[in-house]
Amino acid sequence: MTGENPTALSTDDRARLKAHFDVDTASHPDRWAKLWDAGNFLPWDRGTPNPALVDLLDQRKDLIGGCFVEDAGKRRRKRALVPGCGKGYDVLLLASYGYDAYGLEVSEKAVERCVEERTASGHNYPVRHEDAGMGQSTFLQGDVFDGRWNKDAVDGGTFELIYDYTFFCALNPVLRPAWASRMSQLLSQKPPGHLICLEFPTYKDPSTGGPPYGLTPQTYVEHLSHPGEDVPYDDSGHVKAGGLSQSSPQGLERLDHWQPERTHEIGKGTDWISVWQPR
């Protein structure tokens with residue numbers, strides 16, 4: 001499901017982003033940091049949480065449960081992670097639903113912008129349910145593939161909920177196996193956590209490069225079913241369905257998959273939501 005989206009980035013912006021990241025993949029974290037340091041070219045910033053996440057939190061408790069969990073005989077708030085959280089809109093939203101929410105960014109400047117956003121606009125994220133109250137919002141600097149930041153930040157180093165919107169698609173495709181492996185590691189096993197993927201941009205031809213890199217719902221299926229494994233692709237950049245054997249023991253199970261009624265304008269008609277948990 002690819003093709004031009006009239007609300008997508010302009011041709012100039014796409015070319016500028018592509019040129020900025022036309023370096024060795026190992027240098028990409030520094031390239032993201034440079035964009036945040038300059039602060040004048042952040043084309044991924046939409047200014048608000050995605051309404052698809054709002055609707056999921058309101059309407060699909062049957063799927064992800066509430067914001068509390070029993071842990072060693074005690075009731076505590078679930079921990080939620082937003083990797084590549086941008087200015088932190090989704091983190092603030094999750095906290096308003098009662099989660100202790102953590103936003104991760106590779107740039108110190110990005111973390112500063114998150115704190116500024118919370119100070120300036122925190123009033124836009126009131127408590128959603130009085131019986132749940134407000135969770136904490138915490139912003140961390142670190143590389144998601146580095147195992148230190150989460151162990152320092154949270155007891156046990158895992159999360160009951162992870163939300164990925166524009167993080168997976170921002171990664172060079174060579175990092176997709178590592179992404180899937182890391183999601184599996186960061187997701188709580190007992191009780192089983194939930195990974196929410198807002199699948200974007202499915203309208204974009206993968207052969208055009210990125211970021212963001214074009215993908216399909218099947219891309220998530222193949223990688224999350226085989227974390228850390230090299231998933232085969234064809235010459236046009238499309239993942240090969242069923243290219244590997246049966247799912248690995250560390251693979252995640254997709255619980256549900258649907259197109260949201262509401263989402264950001266750029267993804268209308270093409271965005272999908274998938275919800276995953278450990279097998």
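Trainee: What percentage of the 279 residues in the chain is buried?

Mentor: This is a predicted model, in which local features need pLDDT of at least 70 and side-chain atom pairs count only at pLDDT 80 or more, while totals for chains, interfaces and linings use all residues. Residues are numbered from 1 along each chain as its sequence is written, and side-chain values use heavy atoms, leaving out hydrogens and water. Buried means under 20% relative accessible area, exposed over 50%, and partly exposed in between, with a 1.4 Å probe and protein chains only. By that criterion, the buried share of the chain is 53%.

Trainee: What radius of gyration does the chain have?

Mentor: The radius is taken over C-alpha atoms, and the globule rule is 2.2 Å times the number of residues to the power 0.38. For 279 residues a compact globule would have a value near 19 Å, with which the chain agrees, as its radius of gyration is 18 Å.

Trainee: How many helices and strands does the chain have?

Mentor: Helices (H or I, at least four residues) and strands (E, at least two) are DSSP runs, numbered from the N terminus. Under this assignment the chain has nine helices and nine strands.

Trainee: Why is helix α3 described as largely enclosed by the rest of the structure?

Mentor: The buried residues of α3 pack against α4, α5, β6, β7, β8 and β9, where contact means heavy atoms within 4.5 Å. They are P51, A52, L53, V54, D55, L56 and L57. Helix α3 covers residues 51-59, and it is largely enclosed because the buried residues number seven of the nine.

Trainee: Which residue has a side-chain oxygen within 2.8 Å of the backbone nitrogen of A52?

Mentor: The pair of atoms lies at the start of α3. The backbone nitrogen belongs to A52, and the side-chain oxygen that reaches to within 2.8 Å belongs to N50.

Trainee: Is N172 buried or exposed?

Mentor: N172 is placed in the loop between β6 and α8. Leaving aside neighbours within four places in sequence, N172 is in contact with T25, H28 and Y213. Its relative accessibility is 17%, so N172 counts as buried.

Trainee: How far apart in space are H223 and I266, C-alpha to C-alpha?

Mentor: H223 lies in helix α9, residues 217-225, and counts as buried at 1% relative accessibility. Not counting residues up to four places away in sequence, H223 touches F168, R176, P177, A180, V231 and Y233. H223 and I266 are 43 residues apart in sequence, and their C-alpha atoms are separated by 24 Å.

Conventions: A polar contact is a pair of N or O atoms within 3.5 Å; within protein, one must be able to donate a hydrogen and the other to accept it, and residues adjacent in sequence count only if both atoms are side-chain atoms.
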